[in-house]
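Subject: Handover of a structure

Dear colleague,

Please find below the structure that I am handing over to you.

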Amino acid sequence: MAHHHQSMSSPMVLVFMTILALFAPICFSHDLKSSRLYPQFYHRSCPKVHEIVYSVVARAVAKEARMAASLLRLHFHDCFVQGCDGSLLLDSIGSIVSEKGSNPNRNSARGFEVIDQIKAAVEKACPQTVSCADIVALAARDSTVLAGGPSWEVPLGRRDSKTASLSGSNNNIPAPNNTFPTILTKFKRQGLNVIDLVALSGSHTIGNARCTSFRQRLYNQSGNGQPDYSLDQSYAAQLRARCPRSGGDQNLFFLDYVSPTKFDNNYYKNIEVSKGLLNSDQVLFTKSESSMELVKKYARDSGLFFKQFPVSMVKMGNISPLTGSRGEIRKNCRRVN
């Protein structure tokens with residue numbers, strides 16, 4: 001009898017173990033996925049999100065080519081402050097002091113209305129499902145593609161912060177007049193290296209900069225009354241025409257004067273001939289052996305640049321995301337729920 005009982009239980013144990021084995025991967029993979037971003041995050045909850053984002057970005061870029069650069073920059077300025085959490089999108093209200101007023105963003109960060117348009121369209125399709133942080137990441141990729149650059153799968157699953165950091169924005173984002181070591185330190189602080197720095201700087205193949213961002217190179221670089229000789233002097237003379245010693249602060253100049261709206265490797269070719277607009281562009285060629293080598297490689301081989309740029313963008317998009325139950329899914333990207 002005992003023997004019979006035993007033979008009864010072993011199939012039961014087997015069935016139980018099999019069920020356990022079947023379900024275990026689900027439990028474990030769920031834990032993994034909740035803390036790690038992955039491209040299929042909205043596969044079930046909002047399958048149309050990709051085409052919605054793309055269509056709104058495409059409309060905006062068709063209306064104004066510069067918008068591609070502006071949206072790409074938003075992702076960068078978001079990720080370098082508290083991670084990629086949509087903190088940059090918050091307006092000042094209540095206890096929140098907006099990052100939009102920081103030195104790197106004031107009078108220059110733009111594209112917020114396009115993010116609002118995307119958010120409204122996505123909310124209509126899938127209410128309170130897709131984060132503003134993910135929308136910014138997707139818009140950055142779509143902007144790159146629409147400007148003729150490479151594509152990549154965007155890992156998703158970020159959630160939105162309930163806070164902003166004005167001081168973080170002022171301190172963490174590299175400035176045009178920072179030295180090479182300072183810029184590299186700011187990248188390393190985010191887990192990015194010199195390869196990421198040089199590849200991501202290549203996004204300056206599109207977009208504009210204001211006179212105020214490079215004026216010191218045209219007139220009095222180091223306080224000694226000398227202009228910056230790492231800048232081609234005939235190019236400098238052209239720039240002085242619309243960037244005077246005083247006034248004209250907001251006058252705009254192409255970061256890549258050769259093909260200003262096309263995502264290509266001309267940015268690196270320009271730096272090689274001392275025609276990088278910002279000091280932070282030119283130092284990649286003049287102040288570091290390792291970055292100079294990379295500039296030369298990308299100038300020679302756009303395929304190499306197009307391969308590295310997505311890798312570095314994904315890496316940047318992975319900076320300290322809020323996942324799982326941290327943060328929230330904002331209904332309006334400009335304010336917490």
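N107 is located in the loop that runs between α3 and α4. Helices here are DSSP runs of H or I with at least four residues, strands are runs of E with at least two, and both are numbered from the N terminus. The phi angle of N107 is near 60 degrees, a positive value in a residue that is not glycine. N107 counts as exposed because its relative accessibility is 57%; buried means under 20% relative accessible area, exposed over 50%, and partly exposed in between, with a 1.4 Å probe and protein chains only.

Please note that this is a predicted model, in which local features need pLDDT of at least 70 and side-chain atom pairs count only at pLDDT 80 or more, whereas totals for chains, interfaces and linings use all residues. Residues are numbered from 1 along each chain as its sequence is written, and side-chain values use heavy atoms, with hydrogens and water left out.

Q128 also has a positive phi, of about 45 degrees, although it is not a glycine. Q128 sits in the loop between α4 and α5 and, at 42% relative accessibility, counts as partly exposed.

The next topic is helix α14. This helix covers residues 302–317 and has 16 residues, which at 1.5 Å a residue should span 22 Å; the C-alpha atoms at its ends are 22 Å apart, so the two values agree. The expected span is taken as 1.5 Å times one less than the number of residues.

Which residues of α14 are buried? They are F305, Q308, F309, P310, S312, M313, M316 and G317. The elements that cover them include α3 (67–79), α5 (132–146), α8 (194–201), α11 (266–272) and α13 (289–300).

From α8, I195, D196, A199 and L200 meet F305, Q308, F309, S312, M313, K315 and M316 of α14, contact being heavy atoms within 4.5 Å.

K315 and D196 also form a salt bridge, their closest N and O atoms lying 2.7 Å apart. A salt bridge is a side-chain nitrogen of Lys or Arg within 4 Å of a carboxyl oxygen of Asp or Glu. This pair links distant parts of the chain, as K315 in α14 and D196 in α8 are 119 residues apart. K315 is partly exposed, with a relative accessible area of 31%, whereas D196 is buried, with a value of 2%.

How many salt bridges does a search of the whole structure find? The search finds ten. Among them, E64 and R110 meet through their side chains at 2.8 Å, N to O. Here too distant parts of the chain are linked: E64 is in the loop between α2 (49–63) and α3, R110 is in the loop between α3 and α4 (112–125), and the two are 46 residues apart. E64 is partly exposed, at 28% relative accessibility.

Another salt bridge joins K296 and E293, with the closest N and O atoms 4.0 Å apart. These residues are separated by about one helical turn because they lie three residues apart in helix α13. K296 is partly exposed at 27% relative accessibility, and E293 is partly exposed at 38%.

N172 belongs to helix α6 (residues 166–172) and counts as buried, at 17% relative accessibility. The side chain of N172 makes a polar contact of 3.3 Å with that of R189. A polar contact is a pair of N or O atoms within 3.5 Å; within protein, one must be able to donate a hydrogen and the other to accept it, and residues adjacent in sequence count only if both atoms are side-chain atoms. Apart from neighbours within four places in sequence, N172 is in contact with F80, V81, K186, R189 and Q190.

R217 is placed in helix α9 (residues 215–218) and is buried, with a relative accessible area of 0%. Its side chain is joined to that of S230 by a polar contact of 3.3 Å.

With kind regards
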